[in-house]
Amino acid sequence: MRIIYTDVLVVGGGLAGLRAAVGARRRGHDVIILSLVPPKRSHSAAAQGGMQASLGNTVKGEGDNEDVHFEDTVRGSDWGCDQDVARLFVHTAPQAVRELAAWGVPWNRIKAGDREVIMDGKRVTLTEGQAAHGLIAARDFGGTKKWRTCYVSDGTGHAMLYAVSDQAVAESIPVHERMEAVALIHEGGRCHGAVVRNLVTGELTAYVAKATCIATGGFGRIYRVTSNAVINEGIGAAIALETGAACLGNMEAVQFHPTTIFPAGILVTEGCRGDGGLLKDAAGHRFMPDYEPEKKELASRDVVSRRMEEHIRAGHGVKSRFGEHLWLDITLLGAAHIDGKLREVKEICQHFLGIDPSRDLIPVRPAQHYSMGGIRTDARGHARGLKGLFACGEAACWDLHGFNRLGGNSVAETVVAGMLVGENMADFVESAAGELRVSTALVRACLDAEQAKLDTLLHGNGTESGAELMRRMQDIMTDKVGIFRTGELLHAAVEELQGLLLRSRRIGLRTRRPGGNPELVTAYRVQKMLKLALCVAYGALQRTESRGAHFREDYPRRDDASWLKRTLATWQDDFQTLPTLAYEALDVASMELPPGWRGYGARNAIEHPATAGRAAEIDAIRSAFGHADRFTVQQALMPFDHLIPARFRGRNARPGETS
Amino acid sequence: MDSSFDSSGIARPLAPVRPLPEAAARQAQAVPLRVRKSRWPARLDLLQSASGLFLALFLVGHMFFVSSILISKDAFYAVARFFEGAYFLAEPRPWLVSGVVGLVLTVFVAHAWLAMRKFPANFRQYKVFAEHKAQLRHGDTGLWWIQLWTGFALFFLGTVHLYGMLTQPELIGPYESADRIWTGNMWPLYLLLLFAVEVHGSIGLYRLALKWGWLEGRDPAATRRRLRVAKTAFSVFFLGLGLASLLAYVQLGIAHADKAGERYVPQRAAAVKLGELEFAVSRRPGG
Amino acid sequence: MNAASSGPRALTLRILRSSPTEGIAPHWQDFHVEEAEGMTLFIALNEVRETLDPALQFDFVCRAGICGSCGMLINGKPGLACRSLTRDLGALITLAPLPVFELIGDLSVNTGKWMRGTAERLETWIHSSQEVDLTAVETPMEPELAEAIYELDRCIECGCCVAGCGTLRMREEFVGAIGLNKIARFRLDPRDERSDDDFYQLIGDDTGVFGCMSLLACHDVCPKGLPLQTQIAFLRRKMAASGA
Ligand SMILES: Cc1cc2nc3c(=O)[nH]c(=O)nc-3n(C[C@H](O)[C@H](O)[C@H](O)COP(=O)(O)OP(=O)(O)OC[C@H]3O[C@@H](n4cnc5c(N)ncnc54)[C@H](O)[C@@H]3O)c2cc1C
Ligand code: HEM
Ligand code: HEM
Ligand code: SF4
Ligand code: F3S
Ligand code: FES
């Protein structure tokens, strides 16, 4: 029996996992990181566009601060997010950017003087002040009031991931690569680590830890058409679900990104539109202003994606052999801008489409992109229902994003959550609750149980093909649990997925070798992924309203009266074929920003009974505080300081701000 | 460096490693605990390039001198005597040539020694490289391979030639050289030597420019293309020149074969039209 | 796009199979797939795995030319399989794992281990003695400098340059172009306090910059188009100056 002991086990070597690991390590604890792939290959590397943080350095970011970022985030989430968390996040994001700057991320910097940019299809001259010269620049992104998205050309995630990963090396944190957590070791509501499968040899090892953190990223691969990497299969979330103790939040909240190249599904960044790119239809007509006269191409992603699909349905799509698509036009940005700030986009267009985006239009169509849902945690990143288990990054439902995440808020979330969770895990490990009390009998039982499952697959007499089930599931999800959802489609999807889940228990393999066996990997993963897919489809079926990215054609209105709540899915019994759903109400009475219109998209929400009251209360507080500074007012509205680890409490300085 | 990395735990069971605490690690970095690294690798690399450059430039001159035979026997004769110091000393002194040869030989040996460090050290390395080259079919990798082999050849060919020049400096002259080449059966060696050295030298210069980033300019890719053209032109020109000269020697050698061994005596010293050399030639020894 | 009249091509993927854990020595195996429009080697290999041999090992992550996982020898040349379109290749495509790196099986190699080793050996992180105040406005940096650093930071550690370097294949202790590029990157970064002398300690010998024989295959195969040629030359000058 192979057991490895450590203080902190971090499952996932993406931005979130690495940053959390560095934090815990710097507090003096032993940390081991597990990853399916070398950490620098994690999908965080694919983030192109940028990271939001209210530095307020550029002219177009003037006046930006935590408050504005907070409001954008909450509106973006369609009021689905946890506002405490959003506050925590917007407060820490500037520190995260600055920390990354110190760690070597070559953020694009502001050049003083005049600069031509494209806004709303027109050339505009912006003038940056001398004082801002050399400070971190920002670009425009969807759903934001200010230019707030810090970027490194269009390789932001890459530059960030490399900087953080190098810090992990500097801290001598061991990363055990090609190791996959396949189950959590837990008992009585306490998590003790994970059972881990070596993807090369097939061996199982138990990693026993005082604190375990799941930072395994999103689960986009339950869809056929997705911008996600092929390793984004959500196994981290699935093993939390399989404990029966932890729960997954808001799994039906799945984001579709407007611009992935057609048909490959490879993303071209929102920065394309942020920098001035336009969406056009078959006739060459710029259609977004027709639908969204205010934010146009730069409404939030859920809105733009829906409008695009709507436009295609209305018969304006470009027909091609693979189906219909629309055009993204960035030719107006000019070759120099594209070569400098959109190089990955250019490379992708060259290699996958054989076109030059400075001269040709890019064929695009929305595709699955981001999982707002995940392991439900509290504001400290501690998983609900399982002590000693933490989660951060896309794998978590910390609930910063609610039902729609803003572009640039995700990589920001990964590092911010990593910073906070790193500290919080260290606190936990140092506390009495963090004591390691685990019997080897339990560990052995967990190992044996997992081994038995693998042996059944390897040597059982199943006849189903994992690859086939995977393909079916992906088709169902893309066709029936997509951008436009209806009860009918969702119902069919749930039925079929249940069928697949039953079949997945009878998978048989052609290759019986225990290690280095991709067929085996597909087999056990599809079993887990089907559960996630069911959480998504079933959650979507139950949620009879439209909110953020979750759009029900049969219930097109946001219904705060009955649905201002978070879906919590659990899977207590392995023989269930549906998750158990519970709901957690969002407390309007404690919100800093009560539900309202987002400023784009539909304006037809059904109001929550407490909204008016809270709004009046807020008005009263604001007027009572009169000329007090914004921090004091904010404190009065919704205090959140107690949630910030001490070392991140300071106030963020901004060039234009005196405080 | 001790690696804290374990790819997958295949090899050894993983015990949690306890590295230096962060602060201590910082401390360790601040104090240079490491022994200062030898400066020699830098110097040797510079010397290798310098010696190569010297030899290459020397050869440019050398080829022009040797090709003076294409102008006339007397011209070559004059050049040969020039190097014996005939024009500034009272008397030509062939040991001067030996001296120069000695110097060149030293650089030559030094260069060969330095360059040999880059040779495959054993058969495994040799085989790996050969396979790699065949598989990759990459221009500059191929050029290095050529340089390796030409260098290897030069080791022998050049040594023979230099040894001859070192020991018999006085036997440099139109007839002397022609006889050596034809009657002395040296022409095959020279033919090989010529090809080897021109190819080696031109590739060497080209690679030298890339190695140290000379002439990079605004567009290094374009420079590299131009350098390639220059390299080929260099080879072609000097091969042409060398072949023409060698042919001239061979012809002269054939014509002079029955009188082989006879020293050359300029025929019409006063009439030789060689610009400012005219005066000097008239004072040739024994003339 | 072209073959509408003649029908899709039949492709042969000739793959170097092996499985060190099971003691299966490298041998070639042919697989036949029908070409589809816009087909990449990522698509082709997955088709092989799904329909012909579920045990075939290879590594893809981003399938978009961003993460550097899928380096392999494509017709003998190192490249990213995910962004190689089959239409740019002949009907017979040979695929082999990258050399130098530890072989995991079939087309899969352990680049991660090698890269981590390089990172530790060359200490590829910002060395700074200052504790940064995270709430203070960041230190300014010239925009051009930031861009120049990014230019070198774009390396995706795919290992193509490593596999393409004849020197490295002969002498595996050589840091390779990727290592030299990393040093050039940190040398350029004002936030890294190391001096040329410190860098000399790391790469001032024949396993470092002076071991490079300017074969330039690294530069020519780098899928991200990093300026390896000029960076190595530049470092050589600096290190020679520091060492002379
Ligand atoms: C194409 C694309 C572009 C994007 N662009 C942006 C952008 O511009 N701005 C923005 O804010 N966001 C962007 N995002 C979103 C953002 O990149 C991701 O949400 C974020 O990087 C996720 O980081 P992470 O650390 O949570 O997970 P990941 O980076 O996905 O890392 C997951 C890690 O977990 C490991 N892992 C997974 N499962 C297991 C297991 N079972 N056992 C062990 N290890 C495991 C993996 O090996 C990996 O190391 C983009 C996303 C995509 C897909
Ligand atoms: C015994 C004879 C010689 C041998 C064995 C030899 C070998 C080599 C080798 C192997 C290299 C490549 C070194 C590297 O890649 O780093 C080289 C480089 C070079 N050689 Fe020679 N060579 C010889 C003679 C000459 C001569 C006669 C010349 C003059 C034309 C010359 C000019 C050069 C030049 C210019 C270089 C490039 C220098 C460098 O890369 O630093 N070599 N030689
Ligand atoms: C100081 C040193 C040298 C002297 C004095 C010298 C002199 C000569 C002379 C006099 C000749 C004419 C033929 C002969 O007389 O044999 C000759 C030819 C030649 N030498 Fe040298 N040489 C020297 C160094 C070298 C070196 C280092 C090389 C290259 C490795 C070289 C390569 C050649 C070649 C290729 C020829 C044939 C020329 C032709 O084909 O026209 N020489 N040299
Ligand atoms: S330098 Fe280029 S070839 Fe080498 S690892 Fe980096 S990206 Fe790949
Ligand atoms: S191929 Fe190798 S030898 Fe140098 S120039 Fe590139 S590292
Ligand atoms: S799979 Fe990421 S680069 Fe090819």
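Here, buried means under 20% relative accessible area, exposed means over 50%, and partly exposed is anything in between (1.4 Å probe, protein chains only). This is a predicted model, where local features need pLDDT of at least 70, side-chain atom pairs count only at pLDDT 80 or more, and totals for chains, interfaces and linings use all residues. Residues are numbered from 1 along each chain as its sequence is written, chains are lettered from A and ligands numbered from 1 in the order in which they are written, and side-chain values use heavy atoms, leaving out hydrogens and water.

Now to the charged pairs. A salt bridge is a side-chain nitrogen of Lys or Arg within 4 Å of a carboxyl oxygen of Asp or Glu. Searching the whole structure turns up 99 of them over all chains. Here are some:

| Pair | Closest N and O atoms |
|---|---|
| Lys341(A) and Glu147(C) | 3.6 Å |
| Arg17(C) and Asp106(C) | 2.9 Å |
| Asp196(C) and Arg187(C) | 2.6 Å |

The Lys341(A)–Glu147(C) pair crosses between chains, going from helix H9 (residues 335–341) of chain A to helix H3 (residues 143–153) of chain C. Helices (H or I, at least four residues) and strands (E, at least two) are DSSP runs, numbered from the N terminus. Glu147(C) is partly exposed, at 39% relative accessibility.

Within chain C, Arg17(C) sits in strand S1 (residues 10–19) and Asp106(C) in the loop between strand S6 (102–105) and strand S7 (108–110), so their bridge ties together parts 89 residues apart in sequence. Both Arg17(C) and Asp106(C) are buried. By comparison, Asp196(C) is partly exposed at 22%, and Arg187(C) is partly exposed at 22% too.
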